[in-house]
Amino acid sequence: MADHATPNLPARDFEATSRFYGALGFTESWRDLSWMILRRGALTLEFFPYPDLDPATSSFGSCLRLDDMPAFYAICVAAGITEQPKGKPRLNPPRREPSGLDIAYMIDPDGSLIRLIQNP
């Protein structure tokens, strides 16, 4: 296995988090009372319980670097995540950033910022 890193994100409720990300194609590869791992192809997200998290003040986040970010964004839209300036969950549409990268933004139900970055 190649070296890799996986983001660790909070979940107020593992079942609700699994359903949300399951609609985006992630499946559970591990869950017990203290940890949950979701996978979608080469993407891995790990979650820890945080039942008292206030999503409005969450500062957690991660980047998903994707070979086909527009296709993944379309999956998010098809799953019912709406483009809106406020609320959770939500999407902000892809745009070319000053860095030269195409990036879209998703806020999950627990307030984590997930950057969807098109691989160059």
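Tutor: A residue counts as buried when its relative accessible area is under 20%, as exposed when this is over 50%, and as partly exposed in between. The model above is predicted.

Student: How is Phe60 classed, buried, partly exposed or exposed?

Tutor: Phe60 has a relative accessibility of 28%, so it counts as partly exposed.

Student: Where is Ser62, and which residues does it touch?

Tutor: Ser62 belongs to strand E5, which covers residues 61–66. Leaving aside residues up to four places away in sequence, Ser62 is in contact with Pro7, Leu9, Leu113, Ile114 and Arg115.

Student: How is a pair of aromatic rings described?

Tutor: Two values describe such a pair: the distance of the centres and the angle of the planes. An angle over 60 degrees counts as edge-to-face.

Student: How many aromatic pairs does this structure have?

Tutor: The count is seven aromatic pairs. One of them joins Tyr21 and Phe26, with 5.7 Å from centre to centre and 90° between the planes, an edge-to-face arrangement. Tyr21 is buried at 1% relative accessibility, and Phe26 is buried at 4%. Another pair is Phe48 with Phe60: the centres are 5.8 Å apart and the planes stand at 65°, so this pair is also edge-to-face. Phe48 sits in strand E4 (residues 43–49) and Phe60 in the loop between E4 and E5, so the pair ties together parts twelve residues apart in sequence.

Student: Which residues form an aromatic cluster?

Tutor: Phe20, Tyr21, Phe26 and Phe47 make up one aromatic cluster.

Student: Phe47 and Phe48 also touch Trp35. Where is Trp35?

Tutor: Trp35 lies in the loop that runs between strand E2 (27–31) and strand E3 (36–40). With 24% relative accessibility, Trp35 is partly exposed. Beyond residues up to four places away in sequence, its contacts are Asn8, Phe14, Trp30, Glu46, Phe47 and Phe48. With Glu46 there is a polar contact, side chain to side chain, at 2.7 Å.

Student: What is a disulfide, and how many does the structure hold?

Tutor: A disulfide is a covalent bond between the sulfur atoms of two cysteines. The whole structure holds zero disulfides.

Student: Cys76 is in helix H2. How are the side chains of a helix read?

Tutor: An α-helix has 3.6 residues a turn, so residues three or four places apart point the same way. In helix H2, residues 69–78, the buried ones include Met69, Phe72, Tyr73 and Cys76. These cover an arc of only 105° around the axis, which puts them on the same side of H2.

Student: What do the buried residues of H2 pack against?

Tutor: The buried residues of H2 pack against E3, E5, strand E6 (90–96), strand E7 (102–107) and strand E8 (113–118).

Student: What follows H2?

Tutor: Gly80 follows H2, and its phi is positive, near 95°.

Conventions. Residues are numbered from 1 along each chain as its sequence is written. This is a predicted model: local features need pLDDT of at least 70, side-chain atom pairs count only at pLDDT 80 or more; totals for chains, interfaces and linings use all residues. Side-chain values use heavy atoms; hydrogens and water are left out. Helices (H or I, at least four residues) and strands (E, at least two) are DSSP runs, numbered from the N terminus. Buried means under 20% relative accessible area, exposed over 50%, partly exposed in between (1.4 Å probe, protein chains only). Contact means heavy atoms within 4.5 Å. A polar contact is a pair of N or O atoms within 3.5 Å; within protein, one must be able to donate a hydrogen and the other to accept it, and residues adjacent in sequence count only if both atoms are side-chain atoms. A disulfide is a pair of cysteine sulfur atoms within 2.5 Å. Rings of Phe, Tyr and Trp (its six-membered ring) pair if their centres lie within 6.5 Å; planes under 30 degrees apart count as stacked, over 60 as edge-to-face and the rest as tilted. The arc is that of the directions from the helix axis to the C-beta atoms.
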